[in-house]
Amino acid sequence: MYIHTSSLTQFQGLEPIDSSLELFLNQHLDRYDKLEPHIHAFVSEENAKHTFWSQIKKLEEADFIIKTVKMPWEDSFIYGDAMLRLVQGEMAQVHAVRFEKYKDYYGSAMRAGIELGQTIREEELERYRRGQIKLRYDLLDVQKTEGIDIWVSPAQAGTAPLWGTRTGWAGMTAIWSYAGAPTVSIPSATIHNMPLGFQCIGAYGHDEELIYWSRLVSLALG
């Protein structure tokens with residue numbers, strides 16, 4: 001879904017962070033306090049989902065409008081291993097010389113990832129890289145067609161795990177890393193006194209615009 005706002009007068013104090021950004025964002029508008037951001041959102045599991053939709057409601061109350069759009073990927077890809085295998089394969093290549101010499105000094109997870117990566121052929125990695133570029137431009141096409149400035153989602157499917165258990169689930173972040181899209185996580189909610197991030201995602205190569213929109217979202221969420 002995307003979010004559109006007809007008036008952001010409560011954010012009049014914000015200044016553009018550089019002139020090139022102002023030119024890009026003001027193609028059809030004269031002032032920053034009349035910007036119309038379009039933000040895409042999709043959701044995760046139960047308690048995080050409830051919190052996320054409460055945050056979306058806050059954005060609606062700040063005159064953001066939300067619309068659902070079809071994402072340019074299949075769920076099977078998200079739950080598949082292509083993104084992980086690309087990381088493992090490239091990790092094996094980058095660490096090739098050091099790994100031979102210092103293998104015993106690597107942590108078990110890192111060592112296992114590199115060893116799996118060593119079994120991945122270059123043709124397979126090239127297929128993943130081509131998919132990476134395709135996804136990047138498919139996302140840009142959707143943003144252009146729908147008039148979306150940033151995407152939003154929970155940063156995680158739940159709160160941070162207990163220390164020493166695991167590092168969390170990458171399902172809400174990996175796809176954006178794969179596409180090379182910049183992200184910002186806003187710590188704007190808690191569940192059982194644990195933080196839950198609200199994730200804003202920008203277009204590839206548009207990091208500065210993401211920072212601008214994320215600040216607007218952060219102010220609206222409070």
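In which helix is Q132 found? Q132 is found in helix α7 of this predicted model. The protein has 222 residues, of which 43% count as buried, and its secondary structure consists of 9 helices and 6 strands. Among contacts with a separation of 6 or more, 73% join residues 24 or more positions apart.

**Nonpolar cores**

- The largest nonpolar core holds 21 residues, and those touching the most other members are M71, W73, L135, L139, W151, I175 and W176.
- Two or more residues of this core come from each of α4 (82-94), α7 (122-146) and α8 (174-179).
- Helix α7 gives the largest share of this core, with 5 residues.
- L135 is in contact with P72, W73, I175, Y178 and A179, leaving aside its neighbours within four places in sequence.
- Another core lies apart from this one; it has 17 residues, including F64, V152, I186 and L221.

- Q132 counts as buried because its relative accessibility is 18%, and the cut-off is under 20%.
- Beyond its neighbours within four places in sequence, Q132 is in contact with L86 and Y178.
- Q55 has its place in helix α2 (residues 46-61).
- With a relative accessible area of 5%, Q55 is also buried.
- The contacts of Q55, again leaving aside neighbours within four places in sequence, are S188, A189, F198 and L221.

**Largest cavity**

- There is 1 cavity of 30 Å³ or more.
- About 50 Å³ of space lies in the largest cavity.
- Its lining is made up of R136, L139, L140, Q143, W151, W176, A179, A181, G202, A203 and Y204.
- Helices α7 and α8 are the elements that give two or more residues to this lining, and α7 supplies the largest share, 4 residues.
- By class, the lining of the largest cavity comprises 8 nonpolar, 2 polar and 1 charged residues.
- L139, W151 and W176 line the largest cavity and are also among the residues of the largest nonpolar core that touch the most other members.

**Second largest pocket**

- The second largest pocket contains about 400 Å³ of space.
- It is lined by 16 residues, and the closest to its centre are M83, L84, V87, A170 and A174.
- At least two lining residues come from α4, and at least two from α8.
- The lining of the second largest pocket divides into 11 nonpolar, 4 polar and 1 charged residues.

**Helix α9 and the residue after it**

- Helix α9 covers residues 207-221 and has 15 residues; at 1.5 Å a residue it should span 21 Å, and this agrees with its end C-alpha atoms, which are 21 Å apart.
- Buried residues in α9 are E209, L210, Y212, W213, S214, L216, V217, A220 and L221.
- An α-helix has 3.6 residues a turn, so residues three or four places apart point the same way.
- Just after α9, G222 takes a positive phi of about 80°.

**Loop residues**

- D63 has its place in the loop between α2 and β3 (64-67).
- D63 counts as partly exposed because its relative accessible area is 36%, and that class runs between 20% and 50%.
- The C-alpha atoms of D63 and A220 are separated by 9.6 Å, although the two residues are 157 residues apart along the chain.
- H192 is found in the loop between β5 (183-191) and β6 (194-201), and N193 is found in the loop between β5 and β6 as well.
- H192 is not a glycine, yet has a positive phi of about 55°.
- N193, a residue other than glycine, also has a positive phi, near 65°.
- H192 counts as exposed because its relative accessibility is 73%, and N193 is exposed with a relative accessible area of 75%.

Conventions. Residues are numbered from 1 along each chain as its sequence is written. This is a predicted model: local features need pLDDT of at least 70, side-chain atom pairs count only at pLDDT 80 or more; totals for chains, interfaces and linings use all residues. Side-chain values use heavy atoms; hydrogens and water are left out. Buried means under 20% relative accessible area, exposed over 50%, partly exposed in between (1.4 Å probe, protein chains only). Contact means heavy atoms within 4.5 Å. A nonpolar core is a set of buried Ala, Val, Leu, Ile, Met, Phe, Trp, Tyr and Cys residues joined through side-chain atoms within 4.5 Å. On a 1 Å grid over the protein atoms alone, a cavity is a set of points where a 1.4 Å probe fits but cannot get out, and a pocket is an open set with protein on both sides within 12 Å along at least five of seven lines; lining residues have an atom within 4 Å of a point. Grid points are joined across faces, edges and corners, and a volume is the space filled by probe spheres set on the points. Ala, Val, Leu, Ile, Met, Phe, Trp, Tyr, Cys and Pro count as nonpolar, Asp, Glu, Lys and Arg as charged, and the others, Gly among them, as polar. The expected span of a helix is 1.5 Å times one less than its number of residues.
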